[in-house]
Amino acid sequence: MIAETHTQSTTAAPAVETVVEVRNLVVGTATARLVDGVSFTVPSGRTVALVGESGAGKSVSARALMGLLPAGVEVLGGEILVNGRDVSRFNPRQWRSVRGRELSMVFQNPLRSLNPTMRVGAQIAEAVRLYDPKLGRAGERARVLELLEQVRIPDPERRLFEYPHQLSGGMRQRVVIAIALASNPRVLIADEPTTALDVTTQAQILDLLDTLQAENGMSIVLVTHDIRVAEERAHEVIVMYSGRIAETGRIGDVVRSPMMPYTRALIAAVPSFDVTPRSLLPTIPGRPPHPSQRSAGCAFAPRCPLAEARCDLAIPDVTSRPGNNGTRQQWRCFVTGKTDQPGPTGQAGASEEGEKA
Ligand SMILES: Nc1ncnc2c1ncn2[C@@H]1O[C@H](COP(=O)(O)OP(=O)(O)OP(=O)(O)O)[C@@H](O)[C@H]1O
Ligand code: SF4
Ligand SMILES: [Mg+2]
């Protein structure tokens, strides 16, 4: 996991531009480092999944990227570079020039972010006006309809005048995504965008995000507790545990050959995955420690079947090995961290069959 002096990142192939680079980010309260030395990059036009159990620090990390941390939680260290500019200490006025225009977010529990007393069209129009105040009424209406079409809402002219309660969960989620797209962001952060939805609707919403990415080339930071979703939808993955990064890399490399025992446990807990270390940890007993109660060592130690005495004493350094497409798979573990050999799929320049292109 991340020590402050180390940078761990999912290194993209050289041709892919980096839109966001998070360096050694520490976010916390007066008593706890909720996000502790996290580093990763978001390449242009790619999907990066933030994966981990409840309390891993996914939402706090995502909110830090948007400059929207809850009261009492602040950036304590590190940098958030958006197009090369460090935004981590921006004041509210400065954030307004970044938020929306560069990054936009679909929040966890998105259905709550709609106003139940306002018609859908008016809510999208508000977002449109915020980023394009000179459009005028006709232009605004045209843009709202365009956004409704973009998120594949049937019969958009009629939907304009409906209230959120008149829409299904999937349709409401599409409206929330339309609001997030109103500013034409380069990066869309989607925090558990499908949690409250049934399986079929989940797939439809994730398909929609894929389609939007293909159409407009935006990057997506997909926050999910489900590594299967990451496997199907992301190019790269950041596995988080108790506010720190456990493992990063190209999704195919990590899923086929996970190195950090926590990642192995996550994958082994998914019945459909067929990976070598499946027998290691069929389930993950116990819970992650609260960030205020982590030991000085590896936070996974109390649950890890491979733990040794040294695991409680210090945080392991980063180990890495070549992955596909010029990426590196990186993890922190004393016991599984002794190799710099390519993984079974690690061949620079190669792309994996079945992996998101
Ligand atoms: N406003 C806050 N004040 C204090 N601690 C907080 C606050 N918000 C979150 N935390 C703590 O920060 C840690 C990370 O929380 P976070 O919401 O990022 O988890 P998560 O990975 O998004 O989990 P989930 O899957 O449940 O959404 C947790 O221990 C949580 O209790
Ligand atoms: S073996 Fe040690 S360092 Fe590796 S994950 Fe387990 S507890 Fe952490
Ligand atoms: Mg969350």
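We'll take confidence, then a helix pair, then a ligand shell.

Tutor: This is a predicted model, where local features need pLDDT of at least 70, side-chain atom pairs count only at pLDDT 80 or more, and totals for chains, interfaces and linings use all residues. Residues are numbered from 1 along each chain as its sequence is written, and chains are lettered from A and ligands numbered from 1 in the order in which they are written.

Student: What pLDDT does the protein chain average?

Tutor: pLDDT is the predictor's confidence in each residue, from 0 to 100. Here 86% of the residues score at least 70, and the chain average is 88.

Student: Why does helix 3 count as roughly perpendicular to helix 4?

Tutor: Helices are DSSP runs (H or I, at least four residues), numbered from the N terminus. Axes are lines fitted to C-alpha atoms over the stretch in contact, and angles run from 0 to 180 degrees between N-to-C directions. Angles of 65 to 115 degrees count as roughly perpendicular. The axes of helix 3 (residues 120-131) and helix 4 (residues 136-150) come within 9 Å and cross at roughly 110°, so the pair is roughly perpendicular.

Student: Which residues of helix 4 make the contact?

Tutor: Contact means C-beta atoms, placed from the backbone, within 7 Å. Helix 3 brings Gly121, Ile124, Ala125, Val128 and Arg129. Facing them from helix 4 are Glu140, Arg143, Val144 and Leu147.

Student: Which residues come nearest to ligand 2?

Tutor: The residues around a ligand have a C-beta atom, placed from the backbone, within 6 Å of it. There are 13 around ligand 2, and those nearest are Cys298, Cys304, Cys311, Cys333 and Val335.

Notes. Helix = DSSP H or I, 4+ residues; strand = E, 2+ residues; numbered from the N terminus. Parallel < 35°, antiparallel > 145°, perpendicular 65-115°, else oblique. Contact = placed C-beta atoms within 7 Å.
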